[in-house]
Structures are given as C-alpha cells and as structure tokens.
Amino acid sequence: MSYFNLYLLMFLIALLAATTAMTMKQMSDLKKLQEMKRRPKIITVEQCGSSITTRDFREGDYVGLATGSCTDGTPKRIIGIYALKEEGKKRGTPM
Amino acid sequence: MAAESALATWVTVVVNILWIALFILFFTGLGNWLQVYWYRADIRSKLSVLGSLADDARKTTLDFLNKNGAQDSAKLLDRLTDFFTIDPVNIEPTDIINRMRHLLNIRDMRFKDVFVQAMPNADDAMRSVASTAAEITSALNLIYKVVRHYLLFGEKTKNIYLIIQLAVLMPQIMQIAQAYRKALDDFLIKVPVGDAAGPMVAVRLAGPEAKWREVTEDTVVAETTFEGRNLIIVKAKGPGSTVGRPGEATEKVIREALAQGRKVSLMVTVDAALKFEGETSGEVAEGVGAAIGDPGPEKIRFERVATEYNIPLRAVIIKMGMDEAILAMKKDVYDGVEKAVERVKQIIREESKEGDTVVVIGVGNTSGVGQG
C-alpha cells in the first residue's frame, strides 16, 4: 500500500467516524422528540363527603366541577387533577 | 522480523501524521474552524428540531381553533404569532408602573377582543385556552427565529464566539422549547398545570359551597370563615387559562372590607415558585412579601395596599421546576398544594385573631381550576 493510499484510508476513516457520530446525534435528537410526544397518565380526584376516589382524567374535567350526586344528595366534585410520572418501558409498568 | 519492521514503519507514519495534523490545526487556526464547523452542524440540527416544534405547535393550535369554530384561523394565528409589546421607557422611571400596567392591559384586551370576534360561539374558558395556545405558538416561533438569527449572524460576521455561545446555550433552549410544546397539549385539554397550585389552594380554602363573584377582569373573590376569622379568597377566574388581575382585585376587596369597618389583619399570597436544582418538587416554604411572578404592576399593588394599611404581607410558595410550572401538575406538586393549605391555616391561626379578616390570594394560571 502506498503512502497516498494510506493517507486516503485514514481520511476516509475519520470522515466516516465524524459522519456516524453526527448521524447518531441527530437520531438521538429525533428519538427525544418522539419520546416527548408520550403523554403522562392524568388522574382525576373526586370527593363525596369524606370519601375520596380517583379515576382517569376525561376531557372536560376541571377542579370544582360537579360530576354527579353522592348518596346523601350533595354534589360529587372534582377536587384535584394531577399527572403521574412517566415511567420507562423497560421497567414494565402498565403506563 | 520483516513483519515487525513493517509494523514499526506504519506506527511511525501514523504518529508523524498525527503530529503534523496537530501542528497544522494549532498554528493555522484550523482547529477552531473545525470545532466551530461541528458546533454549527449541531446548532443546525437542533434548529431543525426547533422549527418542527414551532410548526407542530402552529398546526395543533390551528386544529383547536378550527374545531372550535374560529373564523379565518390561519390569518388570525399569523397575526398573533408576531404580536409584540414594547417595554415602557425606563430611563425616566416616574409612573413606570402605571405605564406598564396600561400597556399590559391593552395587550390582554387585544388578545381577548380578537378571540371574541373570531370565536363568537365559544365560551370564555375556550377563548382563554385559544389565547394561551396562540401565545405558546408565538413563543416557540420566537425561539426558533432568535436561534436562527444568531446562527446566521454569527456565520455572516464570522464571529466564532457568538456561535460557541449559542452552542453552549442550545441544550437549555431545547429543554425550554420542548417544555413549551408539551405544555400546549396540557393547556388545550385544560389540565391544571403546576402554576395552578396557588388557585388550587384558594379553592381548597374557600370550600365547595363558596359563592364566587367577579370583582375585576378575570378575577374572582369568595368569602368564608375559618376558626372564627373571615377569609376573603382571591383567585383568577377558572377553569379557563388566565392569571387574572390579583393585585387589582385584592386592593379593591381590602378597601371594600375596610370601608365596612372590618379589620384586615393579614394578607397571604400563595404561588408556585422555581426550585433550586436538588430541591424536591412540591416542597412548601414561607416568607414575607408578595409571592407573584408578574412584571410588576400586580405585585406592587399588594405591596402598596399592605403598606398603606399596615397589613402584614406573607408569602407561601410551592416549589417546582420551570417545566413543571407549565406542564400538567405532577403528583408531588399536587401533594404540595395540600401542604400549602395547611401552612396557610397555620399562619392564619398564629398571626390573626378571631373576628379579624384575612385575605388569601391564590396566584397563578387557573387553567383547569374552576370555582366549584
């Protein structure tokens, strides 16, 4: 192998490494963008007297909304809405 | 022997090439050029992500506007995306608060009027959500344009230090942009965000049976009692996305209460606040002063009315990260709301007497938090 070929080979290896690194970086950015689209699970907290229950959030829910009646006739109200932390798929949690 | 000699030659060649390359990079400034080339490529890659975030936000907002019967939604959004507010002159500070308040009120009213005209059949809450969505789209568009400006300007003027500074700031800018984009989805479905912690404390203290009345633009007040004290609770009018005018409303209700001969002995402001890195989200802390993050006009009203009537002004904060403040309220912050309610009650017990009137102000965006 001549020196010229050697230099050319090294240049190509360096170029390939740089291109691979940049592609991987871009792929990582795109992956982050995809992950961003994952929505957290949102929970609605309802209260009836001293009893507090939770359920999945439905569009239209807001804190203070009367969602029905309790057994004693008083309105059942939403007292809180919160998001649960997003868990990674690897952990196998049912998110 | 021949193989060993050949290997030694190769190693020598490689080492020589590396030395020569290092000398060339160091003495010709080519090293800097390569570094900046890498930075530029990285910024460009992130800029394209920022562009797609801005486009996506625009598309989502347009879908929301169209779904809610907005007229000429694309033109409307284009007009609002580039809307700006010019700061008042500050080298002559006389009356700057009134001038700033005037400008901010005009801005709010313009946004409100535009959506009243464009969405005549939607309710106030839906219009306020549309307005917030337009603001988020505008913010993402602005971030994209600013980054593009500095990149192009750096390239045009060959200012490598400008490009390096931009590259260093890019991870933070990306985080902010991604948080804004996520926040848009949360606002559109009217989920309480972290910043709604203050209004949520207000609702908890007022109780489900409280009668709320609107005292000033987008701001409501309710009265209740707590262990012999009369509580006046102030919050923005929900469940739409607005922060209201808590300072103006508080000033008004305090003057009303004093005119009725009541003794206002305490003011407590409750708001979400940025935590330091390492602190736990949802931690509650208390202090003195007005807990509110506005540019000034509302905050100064708390301070002025408290000073005028010598009312102790106390602050309770619920700590959270910047992204947590604009994203759907996390469980930690929600738990913090409960703690803040207890802390406010403790302050009221310790610093007021039975028969006194105490004003509690839940400061923050009330998206997803109605009045009960």
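Modeller: Start with B:Asp218, in the loop between strand 1 (212-216) and strand 2 (219-226) of chain B. Helices (H or I, at least four residues) and strands (E, at least two) are DSSP runs, numbered from the N terminus. This is a predicted model, where local features need pLDDT of at least 70, side-chain atom pairs count only at pLDDT 80 or more, and totals for chains, interfaces and linings use all residues. Residues are numbered from 1 along each chain as its sequence is written, with chains lettered from A and ligands numbered from 1 in the order in which they are written.

Biologist: Does B:Asp218 count as buried or exposed?

Modeller: B:Asp218 isn't a glycine, yet its phi is positive, near 60°. Buried takes 20 or more other C-beta atoms within 10 Å of a residue's own, exposed 12 or fewer, partly exposed in between, with C-beta atoms placed from the backbone. B:Asp218 has 20 such neighbours inside 10 Å, so it counts as buried.

Biologist: And B:Asp72, buried or exposed?

Modeller: B:Asp72 sits in the loop between helix 2 (30-67) and helix 3 (73-81) of chain B. Its phi is positive too, about 50°, and it is not a glycine. With 12 C-beta neighbours inside 10 Å, B:Asp72 counts as exposed.

Biologist: Which element of chain B gives the largest share of the side that touches chain A?

Modeller: Contact means C-beta atoms, placed from the backbone, within 7 Å. By that rule, 30 residues of chain B are in contact with 24 residues of chain A. Elements giving two or more residues to that side of chain B include helix 1 (2-28) and helix 6 (160-188). The largest share, five residues, comes from helix 2 of chain B.

Key:
Contact = placed C-beta atoms within 7 Å.
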